[in-house]
Structures are given as structure tokens and as C-alpha cells.
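Work through each task with the structure in view, then compare your steps with the solution.

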Amino acid sequence: MSNNNSFLSNYFHRNGRALGSIGYFVLLMVIFLIGAPEAWIRPNLHQSVFVMMPTLIFLTIPLVFLVASGEIDLSFASTYAVAAYVFALLVKNGVDPAICLVLGIFTGAAIGALVGTLIVVFRLSSLVASLGVLFLLRGVILLLSNSRSITIMEVENHWIYPLLVGNFYGFPMQIFWAAIFVIFCYYFFNKHVFGIHIQHVGDNSVSAEQMGINVNAVKIKAFMFVGIGSAIGGIFTTMITYTFFPTQGFGYLLLALAAVFVGGTPYWGGLGTIIGAVFGVGIIAYMEIGIIAIGWSGEWRQFFNGLIILLALLGHRLHGERVR
Amino acid sequence: MENIIELDNVTKRFGGITALNKASLKVTRGEVVGLIGDNGAGKSTLIKTLVGVYSPDDGDILIRGKKVNAWNALKARESGIETVFQDRALTPQQSIVKNIFMGKELRYPFGFIKEKEQIFEANRLIREIGFTSKLINAESPVGNLSGGERQGVAIARAIYNKAELIVLDEPTNNLSLNETQKVFDFVLNVKKSNRSVLFIGHNIYHVYDISDRFVILDRGEVVHQLNKNDISTPEELMKIMRDTIGAHL
């Protein structure tokens, strides 16, 4: 009996936060279903959610790694646009889009490494420093692009287009890539040295250091991962819309952060949940689209987003305080 | 006897403060060395330098007679030195098994973790250490454990890694009599298997009981070293300590 109890309590310790966000997601679905059944059974509503979700997943899941490591990054919303700019500019100049894709992702990783190094080496507050980088990079893009967008219709004729963002029997291909990304990240976070070290570092960096973990390297890698995720998100969106526009990504800043915390990853580091974050993304994406679908005006969106963040925080509080 | 580790004239400064001044110390195979000194004597700095958490500003560190460069905590662990830190170096939100294998995870190629093997080994170690509560298994979070149990996890880590030198920094602080006895048993077991222990303590009686040799530290300097054979009571050790501290200034 006692073994059963300890099994349950360990299971709850490991998965309680993910289960919480799944519960919130189901609750939201039920509310929408009751509120607007006829809108809810129309497939095009879910299709628009499916278009939005992959981008948010590429942004949100790496943030779970970073928040679990005890840091935060706001600059990802600009990294997203820088990578998309590099991609679009190179495509426009006749470079093979597959190479542009690789270079765009590399740009994201490089920015992540720079931001991470800046924060870790100079011991800056990641919140404030990345806020600075957020504005700085956005300024760079606006200056470089002269605030003009770049249209890249030519990308449609290249083989990467149907492979990455094409249509597969009615499903956008990016759904599959996002799903693969989630599965990869689940193992990467829970079963790989990288994820495990991130959790140790975010939990108690002094202990991690004493046990021979290179705390700075772990954190910089987490920032790089956020850069890579943002780059993928930015490039995918640019391909889907055939357009780079200089303000792109800004709208995702708060949504991706909200998805991390609604998804059950606590802000204090050491813990994180990939599955929870996926449902966090689901909650945010359905809120964005569902409010309109049930016939309410868009003004309600922010109100409900705010409400759900607070409710989610209160809900996750039931899971307990930080243990020390 | 082979020297497991040797500090040769090691100096460590923090800003303008010299926390360690040309300290020399060696630990040979199979011996238990007690490191004693008043608060602020530099005991913690000495052992943190020895186990690679701090890098020395001056002086050499030798492992089995060979000088090492760019000494760090990972290299220390790879050289067979395990430390039970005063703060226990645990991550309380993580499971016992993750803590036992922290930094030295059992890995498949490409860095994936041998989770089942780790859990099996951790459960074996928990039984070996003698956790009393049946509610505790390898996957329980460390945050749910008592101080003594946490010390058990930190010791289990050192046991698993079969270190040649185990550094125990104030291991009996805040422990019950029973738990303290367990720590002593552990030290004796290590010694019996011809491995070494560096034991740091406030409590002279504890250090006296367990050690073969004593090193007295004061204001960052090693001021006296003596064998247990040289004295016959802990009171004698205490007197020597009182006489040496401050006398070198």
C-alpha cells in the first residue's frame, strides 16, 4: 500500500503540472463546445488553430528549457524576425532556399549564443538584458529592411516548400514537423544529459557547479536552443505567407511566454514540462481563435488571455510551492 | 605510500583577501585526514580548491604525483575524488536518482540516459545506506527528505562513484547521534577498502575519533600537522590547536 502511495505521489510530482494544463485545455474545449457548438464542429476553425500552433510550439518548447534552467529570454520575438529576414533576403538574391533555411537557423543559434554569453558572462538579469536585445534587434531589422517587407513567391517552386509547409491530405505539413519537434524535445528534456543538466542548473546552480556541471555552458546552450526554435518559427511563417515583414514575431512575444506558464512550467527554474507546454500552446491558440469563432468580438481576447494566465497560475499553485 | 592528492603551496585570493596562503597538504592512500581550524580559517576554501570548485591563484595541485592543469570540479571527479559538500550539493526539486547521478549520468551514445539502470542502482544504494521510510524510493524528490536523509543521498553519490578520495565537509552538522554514527561507519568502510578520506569538522571529538592524521589550519595557512599516535586524547589535540592558532602571526 505504501509503495502504491509513493508511486502515485512520485507520479504526481513528475506529471502533476502537465496534467493540470491538460485539465485546463479540456475545460476550455468544453466551455467552447457548450458556448458555440455549431462553430466548434466546423473543421475550418480547427484548421486555423493548426496553422497557428506549430509556430507557437517552435517558440514555446525551447523556452521551457530556458525557463527550467533559471533564465528567461524576451529577445526571441526579434530573433524570429532576424532569421526570417536572413532567409528572405538570401532567397530573394537567388540562393537555394534549402541553404537559406540552414543559414537562417544558424543565425538564430548565433544570436542565442550571443545573448546567452552576454547574460552569463556579465551576470546580467536575463529579463532586462533580453528586453534590451529585443528592442535592439528589432531596430536593426527595421533599419536594414528600411521597414519594407520582402515577398518570396519563388519559394513555392522549391522542394522544401511542400516538404515543410505544404498540404498533406488537408493537414499543413508544419503540424507534422511540430509533432516531431515535440517528441524530440520530450526525450531531450527528460531523458538526455542536456535536459537533465538544465534541470539541475535551474534548481540549484551552486550544487550543479560543485558536481562538475559547466553551468555557463548549459545556460548558453539553452539560449541557443531558444534562438534555433525562434528561427524555425520565423522561417516557417515566412514561407507560409511568402512574405517577410519587419514587425513579424512581435505578436508572439507574450503569447509564447503565456503558453510556457499556462503550460505548467514554474517561473523559478528546475522544473518544466514539454507535454504541458504543448497544451499551453493549445490553450493560447484556441483562445486566440475560439473567442472570434463563438461570435465574441476580438476585444475579449486579451481579457480572456489574461484571465487564463491568472487562473492557470492559481491552479498550478495547488501543485505546491518550490521545495528547497 | 602513494599520494592520492597533494596541494603544493596553494594560494587563493578573493579580491584583496588571501583566503589561502601557500597551503600544502597531502592525502595518501588508505588514510583518514582530519582538517581542523576555527571559523574563517579557510577550511572551506581549501577543500573547494582541492576539489576543483575554485581554481588556485598560485601553487600546484598534484594527482598521484602528477601536476594537473586547469583543475576543475569535473576533472576532480574524473580523477576519483568525490565530495560531500557542507551544503550537500543537492537539487531538491529533482529525484534522488537524478541527484545521485548528477554530473556523472550513466549514458548511452549521444548523451541519452540509462534511466532504468540508474533507478536500479539508486534503489540499491538507498537500501545500502539504510533509509528508514518505506515511502522513499529512487524517484522521490530530494526536497521531501530530512537533513540526515539528504546527507545519505550525498554520501550515496560518493559511494556509487567508488572514489579513491572522499572529501567530507562538516558531514556531521545537524545530524542525530544515529546518523552521525552512520557517517562514521561509512568513513571506516572507506578506509577498510584502502581508500582515503579528508574529514573536515568543527567538532574536535568527531574529528579525533575518525582520523589518522590531523591538519590544523589558521587564517589560510597550514600551521601544524600531527599523527594520531603523537597524542592520546582529544583534549590534547584541542590544546595543541589552541596553542598553534594565532602563534604563527
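**Exercise 1.** Are helix 12 of chain A and helix 14 of chain A roughly parallel or roughly antiparallel to each other?

Solution. The model is a predicted one.

Step 1: find the crossing angle. The axes of helix 12 (residues 252-262) of chain A and helix 14 of chain A cross at roughly 25° and come within 9 Å.

Step 2: compare with the cut-off. Angles under 35 degrees count as roughly parallel. Helix 12 of chain A and helix 14 of chain A are therefore roughly parallel to each other.

Step 3: Helix 12 of chain A and helix 14 of chain A make a left-handed crossing.

Step 4: list the residues in contact. Helix 12 of chain A contributes A:Ala258, A:Phe261 and A:Val262, while helix 14 of chain A contributes A:Asn305, A:Ile308, A:Ile309, A:Ala312 and A:Leu313. Sorted by class, the contact of helix 12 of chain A with helix 14 of chain A has seven nonpolar residues, one polar and no charged.

**Exercise 2.** Work out how helix 13 of chain A and helix 14 of chain A are arranged, and classify the residues of their contact.

Solution. 

Step 1: the axes of helix 13 (residues 274-293) of chain A and helix 14 (residues 299-317) of chain A cross at roughly 150° and come within 9 Å.

Step 2: angles over 145 degrees count as roughly antiparallel. Helix 13 of chain A and helix 14 of chain A are therefore roughly antiparallel to each other. The crossing of helix 13 of chain A with helix 14 of chain A is right-handed.

Step 3: from helix 13 of chain A, the contact takes A:Ile283, A:Met287, A:Glu288 and A:Ile291; from helix 14 of chain A, it takes A:Trp300, A:Arg301, A:Phe304, A:Asn305 and A:Ile308.

Step 4: the classes in the contact of helix 13 of chain A with helix 14 of chain A are six nonpolar, one polar and two charged residues.

**Exercise 3.** Is A:Leu59 buried or exposed, and which residues does A:Leu59 touch?

Solution. 

Step 1: locate the residue. A:Leu59 belongs to helix 3 (residues 43-68) of chain A.

Step 2: count the C-beta atoms around A:Leu59. There are 28 others within 10 Å, so A:Leu59 is buried. The cut-off for this class is 20 or more.

Step 3: list the contacts. Leaving out residues up to four places away in sequence, A:Leu59 touches A:Phe76, A:Gly229, A:Ser230, A:Gly233, A:Tyr252 and A:Ala256.

Step 4: look along the chain. A:Leu59 and A:Leu255 are 196 residues apart along the chain, yet their C-alpha atoms are separated by 9.6 Å.

Step 5: The axes of helix 3 of chain A and helix 11 (residues 215-241) of chain A come within 8 Å and cross at roughly 175°. Helix 3 of chain A and helix 11 of chain A are therefore roughly antiparallel to each other. Their contact includes A:Leu59 on the side of helix 3 of chain A, and A:Gly229, A:Ser230 and A:Gly233 are among the residues from helix 11 of chain A. By class, the contact of helix 3 of chain A with helix 11 of chain A has 15 nonpolar, five polar and no charged residues.

Methods
Residues numbered from 1 in each chain as written. Chains lettered and ligands numbered in written order. Predicted model: local features only at pLDDT ≥ 70, side-chain atom pairs only at ≥ 80, totals over all residues. Axes fitted to C-alpha atoms, helices over the stretch in contact; angles between N-to-C directions. Helix = DSSP H or I, 4+ residues; strand = E, 2+ residues; numbered from the N terminus. Parallel < 35°, antiparallel > 145°, perpendicular 65-115°, else oblique. Left-handed = near helix turned anticlockwise from the far one by under 90°. Contact = placed C-beta atoms within 7 Å. Nonpolar A, V, L, I, M, F, W, Y, C, P; charged D, E, K, R; others polar. Buried ≥ 20, exposed ≤ 12 C-beta atoms within 10 Å, placed from the backbone.
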